[in-house]
Amino acid sequence: MTTRIKICGLTRPEDAREAARLGADAIGLVFYPKSPRNVSIEQARAIVAALPPFVTVVALFVNPTREWVDEVLAGCAIDLLQFHGEEEPVFCRSFHRPYMKAVRVRTAGDVLDAARQYPDARGILTDAFVEGMHGGTGTRFDWGLLPQQLSLPLVLSGGLSVDNVAEAVHEVRPAAVDVSSGVESSKGIKDAALMAAFIAGVKHGSV
Ligand SMILES: O=C(O)c1ccccc1NCC(=O)[C@H](O)[C@H](O)COP(=O)(O)O
């Protein structure tokens with residue numbers, strides 16, 4: 001199976017265009033005001049408008065209100081929701097859109113528990129646990145904590161970079177990888193050369 005690639009935390013149309021040109025399958029837009037990568041609905045619309053067809057647009061939230069998710073969905077063409085907080089399953093599924101649930105992995109049971117709790121999620125995104133932070137930390141976690149088998153597609157994230165992504169894909173065999181900090185020149189600003197090398201690393205690790 002091809003390992004799908006999501007580049008997360010974009011804030012500029014030109015980065016989205018370049019990510020798509022290089023072969024990213026999905027881009028992530030952060031709708032969380034406390035993040036340095038937060039985008040407004042207007043910004044998001046401009047980023048989405050820069051994309052060719054067949055690139056999945058993912059909207060990220062951390063414990064949002066229902067009204068905020070509804071406003072984003074009404075204002076911008078979103079394909080998939082991604083929840084990074086303590087959102088209940090009933091809340092995640094209530095938008096009648098495909099969604100992923102992010103888990104900050106601390107123990108071997110965390111990912112299995114999430115798959116059991118959110119059986120209708122399109123995938124479980126695994127990230128590093130960093131106290132007080134919900135994502136985009138550039139921190140890796142112990143991939144040995146991941147289960148050998150999971151009922152849902154596993155999206156590996158957390159501190160992935162050009163230096164470790166081939167090894168990560170080879171070792172974990174995730175359905176997809178997700179990266180933010182590892183392909184940035186500064187927060188929210190993606191580096192074309194790093195994105196190209198990252199995507200090449202995924203392909204290298206997949207063989
Ligand atoms: O990117 C953020 O600032 C962010 C803030 C709050 C919740 C999630 C956030 N990003 C989520 C992502 O999908 C990241 O790609 C993922 O956490 C991995 O980030 P990184 O370790 O920087 O590659």
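**Entry 1. Starting at β7.** β6 and β7 (residues 154–156) run parallel and share three bridges. I note here that the model is a predicted one.

Entry 2. I looked up the confidence next. The chain averages a pLDDT of 97. I also saw that 100% of its residues reach 70 or more. The model's ipTM is 0.97, and its pTM is 0.97.

**Entry 3. The rest of β6.** Is β6 buried or exposed? I found five of its six residues buried, so the strand, residues 123–128, is largely enclosed by the rest of the structure. I then checked its pairing with β5. Six bridges join β5 and β6, again in the parallel sense. One of the pairs I looked up is Val-103, whose bridge partner in β6 is Thr-126. Between these two strands the chain passes through α5, and this β-α-β crossover is right-handed.

Entry 4. β5 spans 99–105 and α5 spans 109–117, with Ala-108 in the loop between them. Thr-107 sits in the loop between β5 and α5 too. Ala-108 has 12 C-beta neighbours inside 10 Å, and exposed means 12 or fewer, so Ala-108 counts as exposed. Thr-107 has 10 such neighbours inside 10 Å, so Thr-107 is exposed as well.

From Thr-107 to Ala-77 the C-alpha separation is 36 Å, at 30 residues apart in sequence.

**Entry 5. Over to β1.** I moved to the start of the chain. Strand β1 covers residues 4–8, and four of its five residues are buried. Which strands does it pair with? With β8 it runs parallel, joined by four bridges. Lys-6 has Asp-178 as its bridge partner in β8. With β2 it also runs parallel, joined by three bridges. There, Ile-7 is bridged to Ile-27 of β2. The path from β1 to β2 goes through helix α1, residues 13–22, and this β-α-β crossover is right-handed.

**Entry 6. Thr-11.** I stopped at the loop between β1 and α1, where Thr-11 lies. Why does Thr-11 count as buried? I counted 21 other C-beta atoms within 10 Å, and the cut-off is 20 or more, so Thr-11 is buried. I also looked up its distance to Val-39. The two C-alpha atoms are separated by 6.3 Å, although the residues are 28 apart along the chain.

**Entry 7. The ligand.** How many residues surround the ligand? I got 26, and the closest are Cys-8, Ser-35, Gly-135, Gly-136 and Ser-181. β2 (26–30) and β8 (176–179) each give at least two residues to the shell. I sorted the shell by residue type: 16 are polar, seven nonpolar and three charged.

**Entry 8. Two positive phi values.** I looked at Asn-63, a residue other than glycine with a positive phi, near 45°. Asn-63 is placed in the loop between β3 (56–61) and α3 (66–75). With 13 other C-beta atoms within 10 Å, Asn-63 is partly exposed.

His-96 also has a positive phi, near 55°, and is likewise a residue other than glycine. I found His-96 in the loop between α4 (89–93) and β5. His-96 has 7 C-beta neighbours inside 10 Å, which is why I logged it as exposed.

**Entry 9. What the record says.** Last, I checked UniProt. An unreviewed entry there places the feature "domain: N-(5'phosphoribosyl) anthranilate isomerase (PRAI)" at residues 5–199. I looked up the make-up of that stretch. Over residues 5–199 the chain is 30% helix and 23% strand. The end C-alpha atoms of the stretch are 7 Å apart.

Terms used:
Residues are numbered from 1 along each chain as its sequence is written. This is a predicted model: local features need pLDDT of at least 70, side-chain atom pairs count only at pLDDT 80 or more; totals for chains, interfaces and linings use all residues. UniProt positions are given in the numbering used here, feature names are shortened, and annotations may be inferred rather than shown by experiment. A residue is near a molecule or strand if its C-beta atom, placed from the backbone, lies within 6 Å of it. Ala, Val, Leu, Ile, Met, Phe, Trp, Tyr, Cys and Pro count as nonpolar, Asp, Glu, Lys and Arg as charged, and the others, Gly among them, as polar. Two strands pair if DSSP finds at least two bridges between them. A crossover is right-handed if, with the strands pointing away from the viewer, the path from the first strand over the helix to the second runs clockwise. pLDDT is the predictor's confidence in each residue, from 0 to 100.
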